[in-house]
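Hello,

Here is the structure I promised to pass on to you. Please open it beside this email, so that you can find each part as you read.

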Amino acid sequence: MKVLVTGGAGYIGAHTVQELLNYGHQVAVLDTLELGNKRLVPANVTLHQGSIGDAAFLDKVFVEEKPDAIINFAAYKAPGESMQQPTKYFENNVAGLYTLLDAMDRHQIRLIVFSSSCAIFGTPKQLPVSEDAPRGPESVYGETKLMGETLLKWYDKTRGIKFSALRYFNASGASLNASIGEDWDHTQNLIPLVMKAALGKSPSITVFGTDYPTRDGSAIRDYIHVVDLSIAHVKALEQIASTNQSTAYNLGTGTGSSVIEVVELAKKISGIDFKVEYGPRRPGDPEAIWADCTRAESELGWKAQYGLDTIVRTAWQWHSTHPNGFEDEK
């Protein structure tokens, strides 16, 4: 299958490109490179630099590449930032998506895997979170992902575009051979920022919120290894291609870890007692959330293989060998 990966020069996108190649698919990448890095795109994969919000650009790429399917990672994804810059998130994550879907319709492309998020659920009323849990986004980011799923539902009904919406929890870690990792200059995710503090590239790591009603007062999240997540995208694509049925899955490990537990494990694995500071809760951050992944396991034949220890170890291996990020790839 020929797959166009939008946002394929970003963290999760680049890992998914690698898994698509491992599974024998042909791949092209579309990315603005605002947050992505061209060094993450394999030499044998064509990179088209531009935005999913540019209809003429999409027409040009689709004519040139003739993809059978799209995997869409082209979105902003920081909940805190989304509360400060809502227009930025609605323009890209929502308007950009329907521009992409309209282009797909014009070019008769009928398959898309959509990067959704557990942020559509907000603070859940019951744990773990199943696919049928009530939606209640608590950030503009989460709302844009929920709106994206709504768009997909109606483009399925009106245009026959089949989708798989993958609501993943906290993507973390790095490739097992330390060849690909997360750029800490373009993320607000906990683990790369912890590594940045451990390597002395920042003075400390801040734990936001110590008064949550959790076992140690810090927020609890379901950290899922990026390789596990990437494999799920390939399986979801192959599923909708074979069944022609739209789907949605929650992707996590089914286990919640607190922010303080992640920090302490990072200290243990790195062997560095870096400075930790404590701050107030951030708006848009639910107190605790982790996934019920039984539907993905039974229908996709997918289950996370790597736990928090592997996540932190691979992140440490990547960041400690790339202390200057992608500048070390020159």
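This is a predicted model: local features need pLDDT of at least 70, side-chain atom pairs count only at pLDDT 80 or more; totals for chains, interfaces and linings use all residues.

Residues are numbered from 1 along each chain as its sequence is written, and side-chain values use heavy atoms, with hydrogens and water left out.

**The sheet**

Helices (H or I, at least four residues) and strands (E, at least two) are DSSP runs, numbered from the N terminus. Seven strands form an open sheet in the order β3-β2-β1-β4-β5-β6-β11, and their pairing is parallel. The edges are β3 and β11 (247-251), each with a single partner strand, so one side of each has no neighbour in the sheet. On average, neighbouring strands here are turned by 20° against each other, direction ignored. For angles like this one, axes are lines fitted to C-alpha atoms, for helices over the stretch in contact, and angles run from 0 to 180 degrees between N-to-C directions.

Strands of a sheet pair through backbone hydrogen bonds, either parallel or antiparallel. Two strands are said to pair if DSSP finds at least two bridges between them. With strand β5 (residues 111-117), β4 pairs in the parallel sense over three bridges, and here N72 stands opposite F114. Further along, strand β6 (residues 162-168) and β11 run parallel and are joined by five bridges; L166 has Y249 of β11 as its bridge partner.

In a regular strand the side chains alternate between the two faces of the sheet. In β4, A69 and I71 point one way, I70 and N72 point the other way, and all are buried. Buried means under 20% relative accessible area, exposed over 50%, and partly exposed in between (1.4 Å probe, protein chains only).

Helix α5 (residues 140-159) lies across β5 and β6, at about 155° to β5. Helix α7 (residues 226-243) lies across β1, β4, β5, β6 and β11, at about 160° to β6.

How many of the nine residues of α6 are buried? Eight are, so α6 is largely enclosed by the rest of the structure. What covers these buried residues includes β7 (170-172), β8 (205-208), β10 (223-225), α8 and α10. After α6 comes G200, with a positive phi near 75°.

Two packed helices are described by the angle between their axes and the distance between the axes. Helix α6 (residues 190-198) packs against helix α10 (residues 308-321) at an angle of about 50°, with the axes 10 Å apart. That makes α6 oblique to α10; angles under 35 degrees count as roughly parallel, over 145 as roughly antiparallel, 65 to 115 as roughly perpendicular and the rest as oblique. In this contact (heavy atoms within 4.5 Å), I191, P192, M195 and A198 of α6 meet I311, V312, A315, W316 and H319 of α10.

The axes of α6 and helix α8 (residues 259-270) come within 10 Å and cross at roughly 40°. These two helices, α6 and α8, are therefore oblique to each other as well. On the α6 side the contact is made by L190, I191, V194, M195 and A198, and on the α8 side by V259, V262, V263, A266 and S270.

**Single residues**

I52 sits in the loop between β3 (46-49) and α2 (55-65). Is I52 buried or exposed? I52 is buried, with a relative accessible area of 2%. Leaving out residues up to four places away in sequence, the residues that I52 touches include T6, L30, N72 and L100.

Most residues other than glycine have a negative phi, and most peptide bonds are trans. L33, in the loop between β2 (26-31) and β3, has a positive phi near 70°. A178 is not a glycine either, and its phi is positive, about 65°. A178 lies in the loop between β7 and α6 and counts as buried at 10% relative accessibility. Finally, the peptide bond from L127 to P128 is cis, with omega near -5°, and P128 is in the loop between β5 and α5.
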